[in-house]
Amino acid sequence: MTVTIEDYHGEETAWCQGCGNFGILSALKKALVELQIPPYEVLIVSGIGQAGKLPHYMKCNTFNGLHGRTLPVATAAKLVNNHLNVFAVGGDGDGYAEGGNHFMHTIRRNPNIKYLVHNNQIYALTKGQASPTSDVGFVTKTTPGGVTAKQLNPIALAVTLGATFVARSFSGDIPHLVQTIKAAVQHRGFAYIDILQPCVTFNHLNTYSWYLKRIYKLENEHHNTSDIEAAYRKAHEWGDRIPIGIFYQNQQQPTYEEQFPVIKEQPLVKQPIDPKQYEKLIQDFL
């Protein structure tokens, strides 16, 4: 059976008109259709935030959990059913603030899950507070005198920690985002994409036109994605020139689930349950 966009059509959206989230939703659907992955083989996990609503608008397996706790849930789901295509989605607040600790330790484990961060450089669900990726000097409700804390560089952080797939794309360039998501799905291991996404309501600095004047594509400059030092240098470009594309990729590292022999033959979810073992386990604790 051929998979179509209609197969992934979910509930009606509640985002603002012009929101960058629409580009991400569209690109994710297109990527899954082009890869011919049916909805029943997909799980999308999210936490809290405007980005966290994305699973509501998809027709597939979904899990909407706690703020910043997206990656542990996605990792656990992958261990239970390692044949499932597991995506984690969230915003820059959910991923880099509340979930910053989980981001670091998921990189260490390298589970074969895909992580899409909607980076609009502001908290939008709670109506416009500074986030870890807000530019220095940016005026928000919580920073009326302008942001003073140094902007987090998530790309450099991921490269430094040894993430095996590090990429950035732009929600205003859907064809590029589709190709980047497809490359992430085909990567064996933890694939992380930081997606620059304008917030048309609460961020009037980092707009579509602001990005379009600055963004350039790494693939057009023959960037070597296996060169970690080059990736680190590119990760620090921000301002007049902002690179998008795959910064770094390494498929030599084993995935987290490959290191569990118990799921080598078949997923936990398909393994038989022996009630006698359960009763013995309970007795051991009594």
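Colleague: Where is Ser131 placed, and is Ser131 buried or exposed?

Modeller: Ser131 lies in the loop between strand 6 (129-130) and helix 5. Helices (H or I, at least four residues) and strands (E, at least two) are DSSP runs, numbered from the N terminus. Ser131 is buried, with a relative accessible area of 9%; buried means under 20% relative accessible area, exposed over 50%, and partly exposed in between (1.4 Å probe, protein chains only). This is a predicted model, where local features need pLDDT of at least 70, side-chain atom pairs count only at pLDDT 80 or more, and totals for chains, interfaces and linings use all residues. Residues are numbered from 1 along each chain as its sequence is written, and side-chain values use heavy atoms, with hydrogens and water left out.

Colleague: Which residues is Ser131 in contact with, leaving aside neighbours within four places in sequence?

Modeller: Contact means heavy atoms within 4.5 Å. With those neighbours left aside, Ser131 is in contact with Asp92, Gln121, Ile122 and Tyr123. The C-alpha atoms of Ser131 and Gly93 are 5.6 Å apart, although the two residues are 38 apart in sequence.

Colleague: What does Ser46 touch?

Modeller: Ser46 is in strand 1 and is buried, at a relative accessible area of 1%. Not counting residues up to four places away in sequence, Ser46 touches Gly52, Pro55, Phe63, Asn64, Gly65, Thr70 and Val89. Thr70 is 24 residues away along the chain, yet its C-alpha atom is separated from that of Ser46 by 5.3 Å. Thr70 is also one of the buried residues of helix 2 (residues 70-80).

Colleague: Which other residues of helix 2 are buried, and what do they pack against?

Modeller: Besides Thr70, the buried residues of helix 2 are Leu71, Ala74, Thr75, Ala77, Lys78 and Leu79. The buried residues of helix 2 pack against strand 1, strand 3, helix 3 (92-98), helix 4 (100-109) and strand 4 (114-119).

Colleague: At what angle do helix 2 and helix 4 pack?

Modeller: Axes are lines fitted to C-alpha atoms, for helices over the stretch in contact, and angles run from 0 to 180 degrees between N-to-C directions. Helix 2 and helix 4 pack at about 35 degrees, with their axes 8 Å apart. Leu71, Pro72 and Thr75 of helix 2 make the contact with His102, Phe103 and Thr106 of helix 4.

Colleague: How do helix 5 and helix 8 pack, in angle and axis separation?

Modeller: Helix 5 (residues 154-161) and helix 8 (residues 228-235) have axes 8 Å apart and an angle of about 160 degrees. The two helices are therefore roughly antiparallel; angles under 35 degrees count as roughly parallel, over 145 as roughly antiparallel, 65 to 115 as roughly perpendicular and the rest as oblique. Ile155, Ala156, Val159 and Thr160 in helix 5 meet Ile228, Ala231, Tyr232 and Ala235 in helix 8. By class, the contact of helix 5 with helix 8 has seven nonpolar residues, one polar and no charged.

Colleague: Which residues of helix 5 are buried?

Modeller: They are Pro154, Ile155, Ala156, Ala158 and Val159. Helix 3, helix 4, strand 7, strand 8, helix 8 and strand 10 (242-249) are the elements that the buried residues of helix 5 pack against.

Colleague: How many residues has the largest nonpolar core?

Modeller: Nonpolar side chains tend to be buried together in soluble globular proteins. A nonpolar core is a set of buried Ala, Val, Leu, Ile, Met, Phe, Trp, Tyr and Cys residues joined through side-chain atoms within 4.5 Å. The largest one here has 33 residues, and those with the most contacts inside it are Tyr8, Leu28, Ile44, Leu54, Met58 and Ile181. Helix 1 gives the largest share of this core, seven residues.

Notes: Ala, Val, Leu, Ile, Met, Phe, Trp, Tyr, Cys and Pro count as nonpolar, Asp, Glu, Lys and Arg as charged, and the others, Gly among them, as polar.
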